[in-house]
Amino acid sequence: MAIAVYPGSFDPATYGHIDIIQRAGSLFDEIIVGVLNNSAKSPLFSVEERVNILKRVTEDVPNVQIKAFSGLAVNFARDCGAQVIVRGLRAVTDFEYELQMAQTNRVLAPDIDTMFLTTNLEYAYLSSTIVKEVNAFQGDISKFVPPFVAEVLQEKYKQR
């Protein structure tokens, strides 16, 4: 059984993330989306909220699991029994960083490969940071995230 992990912050999940999850789901028997709990960052959503959001927006992908993790992605992959770490690439600038991480991970865990999936051109400009910024200024985020994500994001900003 081919298992892959797709680690990230997903703060919040965007259509770009969902595109990568769906495509990875068609390539592997199981795709485990790892939601990073990074104590050095201050995400808008808690790790539990991000896990719940991803569970909701990936309900139609039958071979996806959503799990929280902390620490190194290669350790998370190993703990999940995964052979591959999936990463999405939007632009050349992503590639430079991701290649360095993939090479480091290869040294740390020679038995785990990294697979890059290029983002659908429709979402190549999109990031969670952009979504949060547009939302903060009451911009229309309906082309960036599913309706459920837009609702929880707008509710989160009302609470602030």
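Trainee: What is the relative accessible area of Asp-19?

Mentor: This is a predicted model, in which local features need pLDDT of at least 70, side-chain atom pairs count only at pLDDT 80 or more, and totals for chains, interfaces and linings use all residues. Residues are numbered from 1 along each chain as its sequence is written, and side-chain values use heavy atoms, with hydrogens and water left out. Buried means under 20% relative accessible area, exposed over 50%, and partly exposed in between (1.4 Å probe, protein chains only). Asp-19 counts as buried because its value is 10%.

Trainee: Which residue meets Asp-19 in a salt bridge?

Mentor: A salt bridge is a side-chain nitrogen of Lys or Arg within 4 Å of a carboxyl oxygen of Asp or Glu. Here the N to O distance is 2.9 Å. Both residues lie in helix H1, four residues apart, about one turn of the helix (helices, H or I, are DSSP runs of at least four residues, strands, E, of at least two, numbered from the N terminus). The partner, partly exposed at 29% relative accessibility, is Arg-23.

Trainee: How many residues apart are Asp-11 and Lys-132?

Mentor: Their side chains meet in a salt bridge at 3.1 Å, N to O, and both residues are buried. Asp-11 sits in the loop between strand E1 (3-8) and helix H1 (15-27), and Lys-132 in helix H5 (residues 128-136). The pair links distant parts of the chain, and the separation in residues is 121.

Trainee: What is the N to O distance between Asp-113 and Arg-106?

Mentor: Asp-113 is partly exposed at 39% relative accessibility, and Arg-106 is partly exposed at 39%. Their side chains meet in a salt bridge at 2.7 Å.
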